[in-house]
Amino acid sequence: MKTFIEPQKKLKVRAEVDVLVVGGGPAGIMAAEAAAKDKNLHVMLLESRGFLGGNLTIGLPILAFLNKNGNQIIKGAPQKFVDRLAARGCATGHKRCKLHMSLTMVDPDMVKTVAWEIMDEQGVEVLLYVFVSDAIVENGEVKGVIIESKAGREVILAKTIIDCTGDADVAYRAGVECTMGDSEGRMQPPSLMFSMRGVDLQQVRDNVVNHYDEYTMDIMPAEQFKTGNFTMVGMRKQLADAISKGYNITVSRTIFMTGIKDDELWVNMTRECGTDGTDPVSYTHAEHECRKQMYDVAKYLKEYIPGFEKAWIENVPPFTGIRETRVIKGKHVFTKEELLDGARFDDAIAVASYPIDLHHEVGGDCTLIYGKDSYDLPYGVLVPEKVENLLVAGRSSSMTHDAMAATRVMSTVMALGEAAGCAARIALEDNVKPSQVDVKKVQAALLENGAYLR
Ligand SMILES: Cc1cc2nc3c(=O)[nH]c(=O)nc-3n(C[C@H](O)[C@H](O)[C@H](O)COP(=O)(O)OP(=O)(O)OC[C@H]3O[C@@H](n4cnc5c(N)ncnc54)[C@H](O)[C@@H]3O)c2cc1C
């Protein structure tokens, strides 16, 4: 491999802050908000794209605010975020779902606006269009990051960093041990979401309810589709027929879900197996392939599913969504067994309920494994095993491959983000490292903000 030795260069320090949150997705928004509470600290949020929200802006419902028994187990800041959207008619309530615990639809664009509003209120300094490319580490402690932007390469120094990049970019560059995928390094595939408008939603509902045997649904009973939000997952026979006729479709289940508008459905049916979201060549290939698949998926829906005849593709998010890349090795690695057992921990900082939902690394299917109604996530999943002054919240928190297939859903990552923000703030107030923070104080702060802990 050809290499190039980069000459040494003096970099400008753009800012010195108390808490630096990298990545403005669902976890990062919650982390920045919680860290900045009461405006005592200088908190900065860095985001490489031109908007906040991450995968919360690509047309996905937030899954699992409720557990299997219908009890709400994600509250606190995530619920307040949804309340703000709902006050504008831009989020639904939490509808129970046999397959997904619960569904909460949100308007992807209003997510960006509400996230800004919260950052403004909390005095968080937001910097968009900056990509964090490296970490500055001294004696095992993270001191800052290198950012790249139109302004060139610069430095931001911070007392504590919360990595919410989804890919553990900061942690990985700082030397934290990370894993990717299953024992063979295979990861869940990415998908490009898209919405269709002009759908006759009533006809779609009636069709499934009245011809349930023909339009078989995974697990979900016909009643679930009569009113309110739904995600339809099934219709395998119809899809197999289209694929046999040469449609470029790589999934084996039809999946679409209601949005906020009456004639809108969001479609989750593209996929490119074998993608590595941390490799630009691989990710570029996935973007290209998923975009090509999108048109055949839309054609299939229009031809096979009554109610779609007059529909058109309305909204295509600006990026293909990545389900899985790096996860860190933390003080606690949360496992499938703990999840299925409904594990409880004294240092719980979030309670979650979503089952293992593993989109197959090869092929077009998905496996769901259900455990007890809820499980705790301990503080150690946020704390890297070795490097100090760093917390990692979101889909790259410390989990096994199977467990992260559950904890990656947005209600859970939001709760993890809130916990990380609280912990960073309390650690600085108490003048201790985040790894040494008094978790009882973190729990008290979370409860004070309305979070649920068992
Ligand atoms: C196709 C698909 C379908 C899914 N379906 C659902 C669903 O129905 N319901 C559900 O609840 N969950 C679903 N998920 C899972 C969920 O969307 C993600 O796991 C979750 O959004 C992860 O949140 P996060 O904040 O950790 O990361 P992200 O949402 O990915 O946010 C990370 C943010 O960090 C920024 N960033 C990354 N690297 C850098 C860097 N180096 N410098 C600066 N900024 C950076 C990114 O631009 C992004 O804004 C789905 C995921 C995918 C891909």
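Hairpins, helix packing and sheets

User: How many residues lie between strand 8 and strand 9 in their hairpin?
Analyst: Strand 8 and strand 9 form a hairpin; strands (E, at least two residues) and helices (H or I, at least four residues) are DSSP runs numbered from the N terminus. This is a predicted model, in which local features need pLDDT of at least 70 and side-chain atom pairs count only at pLDDT 80 or more, whereas totals for chains, interfaces and linings use all residues. Residues are numbered from 1 along each chain as its sequence is written. The number of residues between strand 8 and strand 9 is two.

User: Which residue in the turn between strand 7 and strand 8 has a positive phi?
Analyst: Strand 7 (residues 131–138) pairs with strand 8 (residues 141–149) in the antiparallel sense over seven bridges. Within this pairing, Ile 136 faces Gly 144 in strand 8. The two strands form a hairpin with two residues between them, and the turn residue with a positive phi, of about 50 degrees, is Asn 139.

User: Is Asp 18 buried, exposed or partly exposed, and why?
Analyst: Asp 18 belongs to strand 1 (residues 12–22). Beyond four places away in sequence, this residue touches Leu 41, His 42, Val 43, Lys 159 and Leu 428, where contact requires C-beta atoms, placed from the backbone, within 7 Å. A residue is buried if 20 or more other C-beta atoms lie within 10 Å of its own, exposed if 12 or fewer, and partly exposed in between. Because it has 17 C-beta neighbours inside 10 Å, Asp 18 is partly exposed.

User: How is helix 1 oriented relative to helix 3?
Analyst: Helix 1 (residues 26–36) packs with helix 3 (residues 108–122) at an angle of about 20 degrees, their axes being 9 Å apart. Axes are lines fitted to C-alpha atoms, for helices over the stretch in contact, and angles run from 0 to 180 degrees between N-to-C directions. Angles under 35 degrees count as roughly parallel, over 145 as roughly antiparallel, 65 to 115 as roughly perpendicular, and the rest as oblique. Helix 1 is therefore, relative to helix 3, roughly parallel.

User: How many charged residues are in the contact of helix 1 with helix 3?
Analyst: Ile 29, Ala 32, Glu 33 and Ala 36 of helix 1 meet Ala 115, Ile 118, Met 119 and Gln 122 of helix 3. Ala, Val, Leu, Ile, Met, Phe, Trp, Tyr, Cys and Pro count as nonpolar, Asp, Glu, Lys and Arg as charged, and the others, Gly among them, as polar. The contact has six nonpolar residues and one polar residue, and its number of charged residues is one.

User: What is the handedness of the crossing of helix 10 and helix 11?
Analyst: Helix 10 (residues 410–429) and helix 11 (residues 439–448) pack at about 125 degrees with axes 9 Å apart, which means that helix 10 is oblique to helix 11. A crossing is left-handed if the near helix is turned anticlockwise from the far one by less than a right angle, and right-handed if clockwise. The crossing of helix 10 and helix 11 is right-handed.

User: Which strands stand at the edges of the open sheet of three strands?
Analyst: This sheet has the order 3-5-4, with antiparallel pairing. Each edge strand has a single partner strand, so one side of each is left without a neighbour in the sheet; these are strand 3 (62–63) and strand 4 (95–97).

User: Which are the edge strands of the open sheet of five strands?
Analyst: The order here is 12-13-14-11-15, with antiparallel pairing. Each edge strand pairs on one side only, and the two are strand 12 (231–234) and strand 15 (312–315).

User: How many residues of strand 13 are buried?
Analyst: Strand 13 (residues 254–258) runs antiparallel to strand 12, joined by four bridges. Three bridges join strand 13 to strand 14, also antiparallel, and a hairpin of six residues connects them. Strand 13 is largely enclosed by the rest of the structure because its buried residues number four of the five.

Note on methods: Contact = placed C-beta atoms within 7 Å. Pairing = 2+ DSSP bridges.
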